[in-house]
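Please read it alongside the structure shown here.

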2 protein chains.
Amino acid sequence: MTTQDVQDDLLAPDALELRAKLFRGLGDPSRLAILDALVAGERSVQEIVAHTGLGQPNVSNHLRCLLHCGLVSRRSEGRFVRYRLADRRVAELIRAADRLLASTATGLGDCERYTE
Amino acid sequence: MTTQDVQDDLLAPDALELRAKLFRGLGDPSRLAILDALVAGERSVQEIVAHTGLGQPNVSNHLRCLLHCGLVSRRSEGRFVRYRLADRRVAELIRAADRLLASTATGLGDCERYTE
DNA sequence: TCGTCATATCATTATCCACTGATACGTTAG
DNA sequence: CTAACGTATCAGTGGATAATGATATGACGA
């Protein structure tokens, strides 16, 4: 078994880092609330502010982050900017997480590691 | 539209928190490495240490966390404890994330918000 | 019974990351 | 052209979370 064969069994470190980044990106309640607002369709920043209850600069900053990593897309319409999910698999990933939460990962309710 | 109707359009705050916790739980490179080691099947703590290169107390602590939230399960075999993924949907969630990374969320490579 | 091995626990420390408030920027209407 | 509206930017502050090293605990073998 060559070194390459050994390595084939391991995930490349940067692939692991990318996964971690994606999950960390989704690990923020504010960004999840924003994505949840977008599951229903295209929305403006103000509509998202109203939907989530978050502050406008906060929403704008998170949207910039989500846009940069490619989870959402945007188009301008005069002074309004409308955001949407870039791919329906974003919603699918969140639904897959929900199914796991409902069936297996039931201990998160009384998790002591993460604050509520 | 009653208050209840309004609420129906919003995700319950604690449902959002649970999602955030699950994703934060997966947002750690060490825990992802551990889960990746378990995708291949049941392993002992030492095997996971060898596979991931992480310290033994570190692996043990993360396994405790994963066990508590329900993502992995364990069985004792003498002085050895063997861990495995509690549900194949854990691996499916990770694969769904990988597909998103490969196709849409391509900006995470040069993400400035999260360290590498 | 005791030493060894495998695993678990925890305090300390260091690092990571989100929100606010003020304000800048672009578009629109009068 | 200017004020108002919608959105974007950012420094400062505060809170969250992971790894280490030492050590405790339980099982096993001689």
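In H2(A), the residues A:Leu16, A:Glu17, A:Arg19 and A:Ala20 meet B:Pro29, B:Leu32 and B:Ala33 of H3(B), where contact requires C-beta atoms, placed from the backbone, to lie within 7 Å. By class, this contact has 5 nonpolar, no polar and 2 charged residues; Ala, Val, Leu, Ile, Met, Phe, Trp, Tyr, Cys and Pro count as nonpolar, Asp, Glu, Lys and Arg as charged, and the others, Gly among them, as polar. The model is a predicted one, in which local features need pLDDT of at least 70 and side-chain atom pairs count only at pLDDT 80 or more, while totals for chains, interfaces and linings use all residues. Residues are numbered from 1 along each chain as its sequence is written, and chains are lettered from A and ligands numbered from 1 in the order in which they are written.

The crossing of H2(A) and H3(B) is right-handed, that is, the near helix is turned clockwise from the far one by less than a right angle.

| DNA strand | Surrounding residues | Closest residues |
|---|---|---|
| C | 25 residues | A:Ser30, A:Pro57, A:Gly78, B:Val45, B:Pro57 |
| D | 25 residues | A:Gln46, A:Pro57, B:Ser30, B:Pro57, B:Gly78 |

For DNA strand C, H5(B) gives the most to the surface, with 6 residues, and by class that surface has 7 nonpolar, 12 polar and 6 charged residues. For DNA strand D, the largest share, 6 residues, comes from H5(A), and the classes number 7 nonpolar, 12 polar and 6 charged residues.

B:Ile94 lies in helix H6 (residues 88-103) of chain B. B:Ile94 is partly exposed because 18 other C-beta atoms lie within 10 Å, a residue being buried at 20 or more such atoms, exposed at 12 or fewer and partly exposed in between. Leaving aside residues up to four places away in sequence, B:Ile94 touches A:Arg19 and B:Leu35.

Terms used: Helices (H or I, at least four residues) and strands (E, at least two) are DSSP runs, numbered from the N terminus. Two residues are in contact if their C-beta atoms, placed from the backbone, lie within 7 Å. A residue is near a molecule or strand if its C-beta atom, placed from the backbone, lies within 6 Å of it.
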